[in-house]
Amino acid sequence: MNADRHPLFVPLIFAGGLVFGLGLGFSHMTHPEVVLDFLQLRDLGLLFVMGAGSLVVGGAIAVMSRTTRLAPLTGDVYGRRVKSMDRNVILGGSIFGVGWGLSGICPGAAYASVGIGNYPILIAIAGMFVGAYIQGYWRKIRAKRAVSPTPAE
Amino acid sequence: MDPLVFVADLFPNGVTRYVLGGLLIGIGVTAIYLGTGIIAGASTFLETTLSYASDLPRFNRATYLASRDWRIAFVLGIVAGGAVYALVFQDGIWVTDVQPWRLAVGGVLVGVGTRLGKGCTSGHGICGVGSVSNTSLVNVVTFVAFAIGTALLVQAAGVSP
């Protein structure tokens, strides 16, 4: 824990997470069955979850990223969430999609699903940790291969 | 066919719960953003938490070590939010019927995919789309297309639930 953090920093993160989890409860994304109903085109309501959520967040980001004000609890500037584009964005999205379509669960919804008592979801969360580990291990192998000297010509 | 009946068929549970859920998800992310400038997604937690147990360089980057404690608070908040919802609106606990092997295999693929693809349903789907990031839009279109394809294949193969 950083000693120089504002005393309200962690409480705000927790409270924001709580509202986020409450929203996941209302959205029923905590039920893999509901996500599968969406992906099998029986109930398209989840479009409204992403729509409403991204509009709220998008509004806040659009307004704040144009100001020069700093965030009160950290002194950080207000930015946008912009990640660089590369092959991994497509490859990762494809693998994520297959996993989501098979299980009906994504990370945030899995955490909230624990809160509604859905204990079998712990299997999925354990799987997510395993997957994240595999990816970190794979990156290490690749990095090692990239720096190892090429054979003399 | 009556177009209104067709539209209603696509939304058999109405849209109120979904709109309300999306608004609250957005408000939770926005509250953290306004206070701290942080745009929080749900899946980085998987890697930052692994840094407590693994010395792989990927998990021990400075940004991960600096955020790993508050990301635990964020996830505990999400679990608590689910619990509050269940206490108020749910009768007892709710348990999925989806088969464990699907949760396990799907979970591993979700874990690999979100970390390789730089985000998940919340990071790209809510925060990145809200930022009008082309990278996030590409990622979301990709994962939704693959998820629909996979879910329809699983259904066609007769796997249920």
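I began with the contact between the chains: 107 residues come from chain A and 109 residues from chain B. The model is predicted. I then listed the elements on the side of chain A that touches chain B. α1 (9-27), α2, α3, α4, α5 (107-115) and α6 (121-147) of chain A each give at least two residues to that side. I sorted this side by class and got 63 nonpolar, 36 polar and 8 charged residues.

The axes of α1(A) and helix α2 (residues 16-36) of chain B come within 7 Å. They cross at roughly 170°. The cut-off for roughly antiparallel is over 145 degrees, so α1(A) and α2(B) are roughly antiparallel to each other. Their contact has 18 nonpolar, 9 polar and 1 charged residues.

I turned to helix α2 of chain A, residues 32-39. How many of its 8 residues are buried? I found 7, so the helix is mostly covered. The buried ones are A:P32, A:V34, A:V35, A:L36, A:D37, A:F38 and A:L39. They pack against α3 (46-64) and α4 (87-103) of chain A, together with α7 (134-156) of chain B. After α2(A) comes A:L41, with a positive phi near 65°.

Last, I checked the largest nonpolar core, which has 87 residues. Those with the most contacts inside this core are A:V35, A:V49, A:I105, A:A110, A:I121, A:A124 and B:V29. What does B:V29 touch, leaving aside its neighbours within four places in sequence? I noted contacts with A:G16, A:F20 and A:V57 in chain A.

Key. Residues numbered from 1 in each chain as written. Chains lettered and ligands numbered in written order. Predicted model: local features only at pLDDT ≥ 70, side-chain atom pairs only at ≥ 80, totals over all residues. Buried ≥ 20, exposed ≤ 12 C-beta atoms within 10 Å, placed from the backbone. Helix = DSSP H or I, 4+ residues; strand = E, 2+ residues; numbered from the N terminus. Contact = placed C-beta atoms within 7 Å. Nonpolar A, V, L, I, M, F, W, Y, C, P; charged D, E, K, R; others polar. Core = buried A, V, L, I, M, F, W, Y, C linked by C-beta atoms within 7 Å. Axes fitted to C-alpha atoms, helices over the stretch in contact; angles between N-to-C directions. Parallel < 35°, antiparallel > 145°, perpendicular 65-115°, else oblique.
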